[in-house]
Amino acid sequence: MIGLALLGSTGSIGVNTLDVAARHPDRFEVVALTANRDVDGLKTQCERWRPRYAVMADEDCAAALDTALRPICPEVTVLGGASGLEEVARAPETDYVMAAIVGAAGLLPTLAAARAGKRVLLANKEALVMAGTLFMEAVRANGAELLPIDSEHNAIFQCLPTQCLPISSRGGLDHLGVRRILLTASGGPFRTRPLSALRHVSPDEACAHPNWVMGRKISVDSATLMNKGLEIVEACWLFDTGPDRVVVVLHPQSIVHSLVEYTDGSVLAELGNPDMRTPIAHALAWPERIASGVAPLDLFTVARLDFEPPDVTRFPCLRLAREALAAGGTATAVLNASNEVAVAAFLDRQLSFLDIPAVVEDTLARVPNHAGSSLEAVLTADAAARIAATSAVRARPL
Ligand code: NAD
Ligand code: MG
């Protein structure tokens, strides 16, 4: 049996992972379930899965969960706080860690999993955007197995002739004959909306993604295209390449999940219905294949596939992500933190949609970049960016 620890089990990726695991009870055993503050949600999951550990990042919620579980699941050990998340990520019973916490809060437990040499199923792209050097080094140094869950990166991994990440261990993309990586993007709910109509869009409109059902933060990121900006950074780290070889292609149907272009002119793509259970099942079973519950792709129903270039005037987040990557150092940590602050303010109706990139741009200009890649440098930049971004939000009242 493979022991699974799910960081962020109550979220969209967490729930989809449990759906796949439930189809293979002979293969996977759930060792740990974790959430931030959703006591009822985690309690229900514990009753169903009876894990060895349940962790709530919020200590008060951990105490409430402990009280709720004592009479019904006394065998579950309840832990609290960031240390509890790290503890289950490196527990000896844990073989695979699904890193599906949203945002910077996922960095330390995901890093702990890599340092403990686990198979890391990486959904939490923000961890890599913040601390790519550190994280990839931890994977290499400890023999961790890194598998991408983000549908685009999972698709690219499937189209590469490689057995492991990072690609540097196989001599890099050149050695594999790869010319470019083509990262597809749906364009989100506002792909065709003119700039003038974007100022007053509501959080619910921004979260109404045409093809994917996801958590609210990544849904807003998809609407601003910051998600694709974060994914360019993610691709550079995972596949050991520079941003000039990562091209964004708008593809509104979300059927082609990404493509790899080779020097001989071949372009390989991975296609499927837009359902995260496919990349989750792929990474859980790799190098084997298991059923995921995803409906087979019916190409006759899909009928057509469209591709177009992104409009960086209406969606400046793509440019901001590329600029942060080019600046190097802690700039991508600043990009990520300021985006988290701006998105939270937008969801809280404190900031307009169009001011999300403005807050990020302001913060990148104000927080000094540090060349270092230590954890301390990353966390210091993250904290400074949150302070600067909060004041940038206040300077732009709705
Ligand atoms: P979500 O909001 O649905 O779930 C987030 C999970 O993280 C929840 O279990 C929540 O309790 C937990 N969490 C939130 N804040 C926390 C904190 N401070 N400490 C500990 N736990 C915390 O998010 P999601 O859509 O499942 O996305 C999770 C990650 O996967 C994100 O990084 C996202 O970018 C990535 N991802 C998601 C999808 C998708 O289809 N949902 C696709 C690709 C990548
Ligand atoms: Mg994605």
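Is Glu231 buried or exposed? Glu231 has a relative accessibility of 1% and therefore counts as buried (under 20% relative accessible area, with exposed over 50% and partly exposed in between; 1.4 Å probe, protein chains only). The model is predicted, so that local features need pLDDT of at least 70 and side-chain atom pairs count only at pLDDT 80 or more, while totals for chains, interfaces and linings use all residues. Residues are numbered from 1 along each chain as its sequence is written, chains are lettered from A and ligands numbered from 1 in the order in which they are written, and side-chain values use heavy atoms, with hydrogens and water left out.

The magnesium ion (ligand 2) has Asp150 (OD), Glu152 (OE) and Glu231 (OE) as its protein donors, at 2.1 to 2.2 Å. Donors are N, O and S atoms within 2.8 Å of the metal (3.2 Å for Na, K and Ca); water is not among the atoms, so sites may look incomplete. Along the chain, the donors are spaced as D-x1-E-x78-E. Glu152 belongs to helix H7 (residues 151-159) and Glu231 to helix H11 (residues 226-238), so the pair ties together parts 79 residues apart in sequence. Helices (H or I, at least four residues) and strands (E, at least two) are DSSP runs, numbered from the N terminus. Glu152 is also buried, at 9% relative accessibility.

His209 is found in the loop between helix H9 (203-207) and helix H10 (216-224). With a relative accessible area of 12%, His209 is buried. A polar atom of its side chain lies 3.0 Å from the backbone nitrogen of Asn211. Apart from neighbours within four places in sequence, His209 is in contact (heavy atoms within 4.5 Å) with Ser186, Gly188, Pro189, Met214 and Ser222.

The domain assignment of the protein chain gives domain 1 (2-148) and domain 2 (318-389); such bounds come from an automatic or database assignment. The C-alpha centres of the two domains are 26 Å apart, and each domain gives 11 residues to the contact. Between them, domain 1 and domain 2 bury about 830 Å², 69% of it on carbon and sulfur atoms; buried area is the accessible area (1.4 Å probe) that two parts lose on being put together, summed over both. Val129, Met130 and Leu134 lose the most area on the domain 1 side, together 54% of what that side buries. Helix H5 (107-115) and helix H6 (125-142) are the elements that give two or more residues to this side, and H6 provides the largest share, 6 residues.

Technical notes. Polar contact = N/O pair within 3.5 Å; in protein donor to acceptor, adjacent residues only side chain to side chain.
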